[in-house]
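This report describes a few local features of one protein structure. Please look through the sequence and the model before reading on.

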Amino acid sequence: MNASLNLSADWSSSELQLTHRCVKISIIILLGIMITLGNIAVLLVITSSVSGWSRNSRYFLLSLTGADSLFGLLVMPLNLWVSLVKDYTEGPDALCHVVAFCNATVYSTCMYTLAAISLERYVAVFYPLNYSTLLTRKRALLLIAYSWIFPPFLLMPISLPFDVIEVHFSTASLVCNPSYSTNVGYTLSLTCLIFFPCCVVMTFANLRLWCAARRQSRKLRKYQRARRSRHNVASRVLVPAMAAYYTCWTPCMAAMLYNAISGQTVPEWIEFVVVWLPTSNGFLNCIFYFWINKSFRRKFRMVIHRLALSICPKLADTLGCNGAPETAFESVRDTNLYIHERSSSVSSTCTLLSMT
């Protein structure tokens, strides 16, 4: 009787675990599709000219889009493949080390890229007259290269299939991760060299930008020189972007430090959420850095219009989209962007000049 009850309990437990596993895989696949489609749309627009975005700005935004795209194109497929085809009853192997290295590298590159974008906008706003001198094309590309090269160099020990860094596959989060409880020093060094420096740069730069925008908004309201819709531009972009960054990344870092210091793991679903929550920042960046911009939305409609005309002209005629995708004024304006490209954003330069 007891044996049958134990067998029934084990069967129920295994069935529940299988259900949880299917739900987790479905969430990961859905999140990966959203990230991939969102960043593909961003790439279609950034590769063309967008009014108000300088050449350096497009470089940094292309870097951010590439880093975010790796969440859906590399991190999620690798971890799903490992969780489906590998048997981890024998412990970690070389493949798990490689996957953990890819995970940590993409996460770190994304954080460094966000910090680089914040730094570029800080220079554009507070030093617009010296922007071309302080942040030349070469320096911008070097900063982007540093964001992509330094994380793999720093995280190289994770990829080594030796006892340098212990790596295991977590059945709770379906991710290959370093064992933070047995690598306390390395975990602390990673957070001190990656997460906290990026947080300091982003917080300082965006806080200064927000304060400058608030002062400018008060002055414009005082002299009645601004439209009402322009009053909350900083709040609509900077505040949500920083809130999304800390919401997505802080729980993951806190769980890492908790695991490293206490030697205990968090509950199953909490671990799953905090591990995969940073990947959702790859989709939120598409909203806060791109879709809020009116020029981006206008350019996206034009790109889709052209694609519809080139792929299926008859369908475009049926839908009444057979006209020219852009007016003569828009065509001249986009052409002039290549000739008279500004070294900083429109809002950045206007803000400082008005304050001066």
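E268 is partly exposed, with a relative accessible area of 35%. The structure is a predicted model. The side chain of E268 meets that of K24 in a salt bridge, with 2.5 Å from N to O. Because E268 lies in helix α9 (residues 268–291) and K24 in helix α1 (residues 2–46), the pair ties together parts that are 244 residues apart in sequence.

K24 is buried, with a relative accessible area of 1%. A search of the whole structure finds one salt bridge.

Strand β1 (residues 167–170) and strand β2 run antiparallel and are joined by four bridges.

## A positive surface patch

Which residues form the positive surface patch? The patch is made up of R208, R215, R218, K219 and R221.

One of these residues, K219, is found in helix α7, which covers residues 184–222. K219 is partly exposed, with a relative accessible area of 38%. A residue must have over 30% relative accessible area and no salt bridge to belong to a patch, and K219 passes the area cut-off because its value is 38%.

How values were computed: Residues are numbered from 1 along each chain as its sequence is written. This is a predicted model: local features need pLDDT of at least 70, side-chain atom pairs count only at pLDDT 80 or more; totals for chains, interfaces and linings use all residues. Side-chain values use heavy atoms; hydrogens and water are left out. Two strands pair if DSSP finds at least two bridges between them. Helices (H or I, at least four residues) and strands (E, at least two) are DSSP runs, numbered from the N terminus. Patches are made of residues with over 30% relative accessible area and no salt bridge: like charges are joined within 9 Å, nonpolar side chains (Val, Leu, Ile, Met, Phe, Trp, Tyr) within 5 Å. Accessible areas come from the Shrake-Rupley method with a 1.4 Å probe; for residues, only the protein chains shown count as cover. A salt bridge is a side-chain nitrogen of Lys or Arg within 4 Å of a carboxyl oxygen of Asp or Glu. Lys and Arg count as positive and Asp and Glu as negative; His and the chain ends are not counted. The place of a charge is taken as NZ of Lys, CZ of Arg, CG of Asp or CD of Glu. Buried means under 20% relative accessible area, exposed over 50%, partly exposed in between (1.4 Å probe, protein chains only).
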